[in-house]
Amino acid sequence: MIDTRILEITAELAKAENIVIVPHKGPDGDAMGSTLGLLHFLKDKGHNATVIAPNDYPHFLKWLPGSDNVVIYESQKEKADELISEAQIVFTLDFNHLSRCGGMQDSLMASKAVFVMIDHHQEPSDYADYTYSDSTMSSTCEMVYKFIEKLRASKKITPEIATCLYTGIMTDTGSFRFASTSSDTHKTIADLIEKGANNAQIHNNIYDTNSETKLQLLGTALKNLKVNKELRTAYISLSQEELDKHNFKKGDTEGFVNYGLSLDGIIFAVIFIEKENEDLIKISFRSKGDFDVNKFARAHFEGGGHINAAGGRSNISLNDTIVRFNKILPEYSEQLKK
Ligand code: 5GP
Ligand code: MN
């Protein structure tokens with residue numbers, strides 16, 4: 001559908017002076033890579049573009065080019081609201097429902113701007129004027145690359161844009177190993193390297209800048225690992241006390257859930273993280289093969305995502321959440337057992 005309307009988008013872009021670009025709340029590598037990649041592209045085209053993130057994001061993403069000028073809605077509400085009200089176009093990237101941008105939702109809904117959604121999550125909602133949604137894509141960054149291609153502007157991809165887009169494709173595909181990685185994904189990253197993404201440096205910036213306390217927190221998480229061999233499920237929990245003890249900082253638990261999936265024979269992995277200040281348990285779900293964690297998260301934990309990676313929440317205590325999870329699990333035994 002985006003292909004037939006690309007000329008309309010081109011015309012909207014030609015009219016627009018001010019543009020706002022929004023990632024989802026709790027921005028990850030793909031959310032920040034795609035918004036900043038698009039930011040550089042639009043700024044180079046002469047637009048007055050700004051990335052507004054609903055809340056702050058992990059320090060291991062703060063080296064991304066353009067990161068210094070990201071506006072954080074939670075702490076800069078007034079400035080952000082002004083930018084939103086002045087925008088002629090709002091791009092929303094890497095999410096499928098406006099509720100995924102938390103406290104920003106009301107200002108976005110009040111905006112008269114033209115909305116363009118670029119996203120690879122399942123079941124996109126219908127708020128945008130132009131929806132580019134494709135759940136077969138590895139990442140929103142890969143879609144931004146394609147979007148630039150559709151605008152016939154691939155030659156305009158600078159080393160900054162290439163660096164941002166490479167980063168999000170890398171993080172959302174678990175370094176090009178998840179099933180969502182296609183031959184097309186590899187062609188895209190090959191081109192991004194040619195256009196100036198320094199792959200070794202990017203891997204280093206994301207994966208090899210851990211603090212000692214983060215690795216020790218990982219040790220605690222792994223000690224808490226529980227395995228249900230029969231249902232091929234593994235889960236990890238981290239209490240607020242354990243997080244505090246290891247001087248937890250935003251992003252420190254990123255990727256922990258994947259350790260469950262690295263166990264031989266395990267196809268469903270979960271992490272439960274207590275967030276006392278938000279009064280909830282944040283849950284991440286990961287799977288291999290056909291077991292659909294998007295459906296699981298939607299059905300039981302107010303969440304969603306993709307077939308093999310989803311998130312959700314629970315408003316009861318950490319222990320009660322785990323008890324509840326273990327009660328639900330057997331309902332899926334047909335899909336989970338070998
Ligand atoms: P994570 O577990 O890393 O927070 O999220 C995994 C995937 O699920 C990401 O693509 C993320 O955008 C999505 N996701 C996480 N939490 C939610 C949620 O509460 N609702 C929906 N719809 N998607 C979520
Ligand atoms: Mn993504």
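Tutor: A definition comes first: Ala, Val, Leu, Ile, Met, Phe, Trp, Tyr, Cys and Pro count as nonpolar, Asp, Glu, Lys and Arg as charged, and the others, Gly among them, as polar. Keep in mind as well that this is a predicted model.

With those classes, the shell around ligand 1 holds two nonpolar residues, eight polar residues and no charged ones. The residues in question are His 24, Ser 284, Gly 303, Gly 304, Gly 305, His 306, Ala 309, Ala 310, Gly 311 and Gly 312. Two elements each give two or more residues to this shell, namely strand E11 (304-305) and strand E12 (309-314). E12 supplies the largest share, four residues.

Now place the shell in the chain. The protein chain is divided into domain 1, residues 3-207, and domain 2, residues 212-336. Taken over C-alpha atoms, the centres of domain 1 and domain 2 are separated by 27 Å. Where the two meet, ten residues of domain 1 are in contact with nine residues of domain 2. The side of domain 1 that touches domain 2 is made up of four nonpolar residues, five polar residues and one charged residue.

Over residues 18-169 the chain is 36% helix and 18% strand, with the end C-alpha atoms 27 Å apart. The annotation "domain: DHHA1", also from an unreviewed entry in UniProt, covers residues 245-315. Over residues 245-315 the chain is 18% helix and 34% strand, and the end C-alpha atoms are 23 Å apart.

Leaving out residues up to four places away in sequence, Tyr 166 touches Ile 189, Leu 192, Ala 197, Asn 199 and Ile 202.

Some loop positions complete the picture. Arg 152 sits in the loop between helix H5 (140-150) and H6. Although Arg 152 is not a glycine, it has a positive phi of about 60 degrees. Arg 152 has 10 other C-beta atoms within 10 Å, so it is exposed.

Asp 279 is not a glycine, yet it has a positive phi of about 60 degrees. Because Asp 279 has 8 other C-beta atoms within 10 Å, it is exposed.

Ser 182 is in the loop between H6 and helix H7 (183-194). With 14 other C-beta atoms within 10 Å, Ser 182 is partly exposed. Ser 182 and Ser 138 are 44 residues apart in sequence, and their C-alpha atoms are 7.7 Å apart in space.

Terms used
Residues numbered from 1 in each chain as written. Chains lettered and ligands numbered in written order. Predicted model: local features only at pLDDT ≥ 70, side-chain atom pairs only at ≥ 80, totals over all residues. UniProt positions renumbered as here; feature names shortened; annotations may be inferred. Near = placed C-beta within 6 Å. Domains from an automatic or database assignment. Contact = placed C-beta atoms within 7 Å. Buried ≥ 20, exposed ≤ 12 C-beta atoms within 10 Å, placed from the backbone.
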